[in-house]
Amino acid sequence: MSTQTGEMSVLDAQWLHTFERYLTTERQLSAHTVRNYLYELNRVSALLPEGVHLLTVNREHGQQVLAKLHRQGLSPRSLSLCLSALKQWGEFLLSEGVIDVNPIKGLSAPKQTKPLPKNIDVDAISHLLDIDGTDPLSLRDKAIMELFYSSGLRLAELAALNLNSIQYDVREVRVLGKGNKERIVPVGSYAIKALEAWLHCRQQIHCEDNALFVTEKGRRLSHRSIQARMAKWGQTQALSARVHPHKLRHSFATHMLESSSDLRAVQELLGHANLATTQIYTSLDFEHLARVYDSAHPRAKKTQDK
């Protein structure tokens, strides 16, 4: 194979053939993965300095190749694939006794950015939550979605709520978040109203425990069931985007930020773990969070007395 530094050495080509068998028989990788790894190693071979071969690649060579590929505009995902191929190559040579240490093992690729899910705009949220059904499932699902959007809860947090998690008189929900960290989050008046309607129906169900959201048979509602019901309502209400718990959480955060511009308050409401460091330098009491919430959240404002 012709490269920028001349032809691939016969020795490299022979070892690559053995490497292919190793990946297929011993590692039992898919044909697609094997092809990708071989392609990446051929690309690496073309970028190695003159006189350096795949059998003699060291850590510095690996860094140089990744830097070249990065300058050529390769995405972090593609760079990670190239690095993975190089690491597998090193492990293979190590298993064959060709080298004593895998020189690529400690290298790391650039972090891949995870795109945030698109939020649902306020009008679409209002349409989604405009459920007229009075049957138990409709009332339960409306309460679930109102609470997701009202308080920005995670799926696991909402599924774990019990009857005593909601303080209706002060409109708060006590949540056990990641790392068993407890936080208190405001609950909007729309969500409170939906929860009260659901609780009236729940009293007529024989429940196994004190779970806030249960099935028709009284069992705690599972994560998968919540996701399925929300997807179903997204279709029923004819929303263009697929509806799922994190999308409502993300919409909550986006709409709060758009209205309040108070990033710290929103981070606190979401219960992000990285607040631990920030709290050393600044503190936010719950009264401040509640004021920001009441003034900014589209569905937090108390309904006027008629």
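What share of the contacts in the chain between residues at least 6 apart in sequence join residues at least 24 apart?

**View 1. The whole chain, a predicted model.** That share is 61%, where contact means heavy atoms within 4.5 Å. The chain has 13 helices and 5 strands; these are DSSP runs numbered from the N terminus, helices being H or I of at least four residues and strands E of at least two. Of its 306 residues, 44% count as buried, meaning under 20% relative accessible area with a 1.4 Å probe, protein chains only. Residues are numbered from 1 along each chain as its sequence is written, and side-chain values use heavy atoms, without hydrogens and water. Local features need pLDDT of at least 70 and side-chain atom pairs pLDDT 80 or more, while totals for chains, interfaces and linings use all residues.

**View 2. Helix α6, residues 136-151.** Let's look along this helix. From first C-alpha to last, α6 reaches 22 Å, close to the 22 Å expected at 1.5 Å a residue (1.5 Å times one less than its number of residues). Of its 16 residues, 14 are buried. Next comes G152, with a positive phi near 65 degrees.

**View 3. The largest nonpolar core, with 48 residues.** Such a core is a set of buried Ala, Val, Leu, Ile, Met, Phe, Trp, Tyr and Cys residues joined through side-chain atoms within 4.5 Å. L147, F148, L158, F213 and I226 have the most contacts inside this core. Elements giving it two or more residues include α6, β4 (172-176) and α9 (223-236).

**View 4. The surroundings of L147.** Beyond its neighbours within four places in sequence, L147 contacts residues including G152, L158, I166, A191 and F213.

Notes:
Buried means under 20% relative accessible area, exposed over 50%, partly exposed in between (1.4 Å probe, protein chains only).
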